[in-house]
Amino acid sequence: MLFLKALTSYILISFLINLCQAQSINFPKGGQTNNWAVLVDTSRFWFNYRHVANVLSIYRSVKRLGIPDSQIILMIADDMACNPRNPRPATVFNNANQHINVYGDDVEVDYRGYEVTVENFVRLLTGRLPPGTPRSKQLLTDEGSNVLVYLTGHGGDGFLKFQDSEEITSQEMADALEQMWQKQRYHETFFMIDTCQAASMYERFYSPNILAVGSSLVGEDSLSHHVDPAIGVYIIDRYTYYALEFLENVDRQSNKTMGEFLQVCPKSVCISTVGVRRDLFKRNPDYVPITDFFGSVRPVSLLTEVKIQPLTSKRQEAKESNQSKTINKYRYVPPLVNFNTVITPRIGTQ
Amino acid sequence: MVHEENKNEPKSPSNEEDEKEATYRIYSILSYFVILVIVGFPVWWYTTRVYRASLPINEMYEVHLKNKSNRDFGIPLSLDYDILITFVHPDPSGLDIDLNGGDIDVNLQPFLKQIAPVANFIVKSQWLYLTDLGVIPKKVSDHYALQENQLPHVISPLEAKMWSHLSERPAVNLVLYFSYCSTPLFIYNDRNMKVPTNAFLSPRWGGVYIVNPDKSSCETRRFKPDLSPIVSTFVTQIQHLFKIKGVKAEDIKQFKIRTVEEMVGSTRRTLKSLAQLLSEIGSIVISDEVGDKINIAVDNANLSEQFLEEGDVDLALKHAKIAFLNSEGAFSDPSLLALLYFPHDQKYAVYIPLFLPIMIPVFMSLALVKKWYRNRKIPKVKSE
């Protein structure tokens, strides 16, 4: 009896020690300084609702984990939220329970509708946009940026269909990434693709530091997860559904690894086999924290001392007269009256 | 057999005419062949090649690049910068702040004029009302404390409202936050000590400075902040962001030299990577304008290095800026992707269906020519 007690307590203690040690693993620093995400949905028409839901769900996860909107390029080929066939206007759901509206009030779509073309996508990646393109539509990465590229839509063996009218071949994709590498526009790239025959898109990559995962191998189709009878279309794809389930349990301080993320969606639930390409990636994915690609923390340094600058006492006369002309051009105006206060009607004679 | 017997008979006028026609036919077949294959094929090849202006490829390749150290990255290299000053005022109805962006600009100009040769600095300011910091500070005795580990989460919600990406130049964001009258805010470092400057910065993004209105201003509900600490903090933040050590002439010169080295290094790296890409990917077009830009960039980079060695920093800086502008312009010129939809392997798929049907009868008629030529030779031999 005593022996059994000692044995169980020994097992318990060693288990607890192992748990504590696991949490204190210090992952080697990846070496990236900022994080970017390029999220692309390439298909249009109402029945491809699930692709828009896919990309918006990844957008929400990536934003929640800390990448700011200024570092996310979101390309959506068709408008589902304001589609006349949408029974829930201004919303896009990724689940039949309709718990989360992934469209929300603060979604920032950078390329919308017919702007999502192969040319714009390649120009965005290689940085060869026409002069005058707003900075929010440019990928302003540098040699310290980790880039997450997520593509979803309809694909085939060696190509991805854009807008139902054109294709990007796997060779063009590989060339675009090589041009990014030569210009040192990324430190490491995580390439996720959720289409049919997804693995064919990353087969031709030849630039270093790319980790690629596709939802199906060549010759297999990626399948959608479930239909929402209230909306009438398939609402999310299998691979993205299980990837999101994984990401839901990740927060900014999480120590889950990329290796675990690559195992998500086994063949039993996904029906298609998830393909991974890791030969171009120098680090071992089992030691790469997931926040290296999906999250972002800004480095901050405190200002320790300030040298006092002398003020210029002279103010130019011309500047003053200009200022007096434009004085009160912009000023604070208090918000409208709060109509929430209830005005009780006065009953009775005058 | 029949033909040979015919040839042994004396030539009749019809046979002569037949022979003449036969020669004309042969000449026409030969002319088709000459025009299509000998003239046409080289013309087609020449006009459908990927146009590449002449470039000093060897010079672009063989450059000695300094190994980029893994230093803490700073503001990206550019020829113009926006300095965007944002005043964040969460409680405008409770406190009236008398501060003019123009006054801060006037006081920043002396420092900006000193570093003006390096880049063009454009100062803008905006007010953001009814906006909070987005993190909850902890109450410590009579004030509130912001811990160092909460600071990274201050920036992202602020950035979403600041629209610093509106202009085409990289922005240096300087934020001035006025705390509520009831909650004076101080920044504490990770050793739980108050930071005297009450300011922090994020490399590559900008800096934040928190100003607490004093009690008397809170009572009168009018606050006129002291310009001197504000301007000093901003100047110090700009110095840290651009990694300038001080305001003395020696420090500025050091900054200029470092900028020259970085710009020349970036130019050479860009050109080398372009040369590498041209050898790897066959469908990149180099138009004449891009070729000119590349030549200008190469020449100016060499000139700049030369001037730097001689010690003339200002001239070196001038040429480095031209080189940087042209190399970036050449690499990111949209015309390089002019043949985007025409990769090499699909070229044959386009031209074979066009030309093969024409070439088949021409080549088959060549067999006829050969047969005629052999037939002409035989009677000549026999008559000898």
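In what order do the three strands of the open sheet in chain B come, and with what pairing? In this predicted model, local features need pLDDT of at least 70 and side-chain atom pairs count only at pLDDT 80 or more, while totals for chains, interfaces and linings use all residues; side-chain values use heavy atoms, with hydrogens and water left out. Residues are numbered from 1 along each chain as its sequence is written, and chains are lettered from A and ligands numbered from 1 in the order in which they are written.

The order is β4-β5-β7 (chain B), and the pairing is mixed. Strands here are DSSP runs of E with at least two residues, helices are runs of H or I with at least four, and both are numbered from the N terminus; two strands pair if DSSP finds at least two bridges between them. At the edges stand β4 (138–140) and β7 (185–188) of chain B, each with a single partner strand, so one side of each has no neighbour in the sheet. Direction ignored, neighbouring strands are turned by 45° against each other on average. Three bridges pair β4(B) with β5 (residues 143–147) of chain B in the antiparallel sense, and B:K139 has B:Y144 in β5(B) as its bridge partner.

Chain B as a whole has 11 helices and 10 strands. Its radius of gyration (taken over C-alpha atoms) is 38 Å, well over the 21 Å from the globule rule (2.2 Å times the number of residues to the power 0.38) for 384 residues, so chain B is more spread out than a compact globule. The C-alpha trace of chain B spans about 135 × 50 × 35 Å along its principal axes.

Then there is a helix pair: α4 (residues 101–114) and α7 (residues 227–241) of chain B pack at about 45°, their axes 10 Å apart. Axes are lines fitted to C-alpha atoms, for helices over the stretch in contact (heavy atoms within 4.5 Å), and angles run from 0 to 180 degrees between N-to-C directions. Residues making the contact include B:I104, B:L108 and B:F111 of α4(B) and B:I230, B:F234 and B:I238 of α7(B).

Over in chain A, three strands form an open antiparallel sheet in the order β5-β6-β7. Its edge strands are β5 (154–156) and β7 (166–169) of chain A. Three bridges join β5(A) to β6 (residues 159–162) of chain A, with A:L160 as the partner of A:G155.
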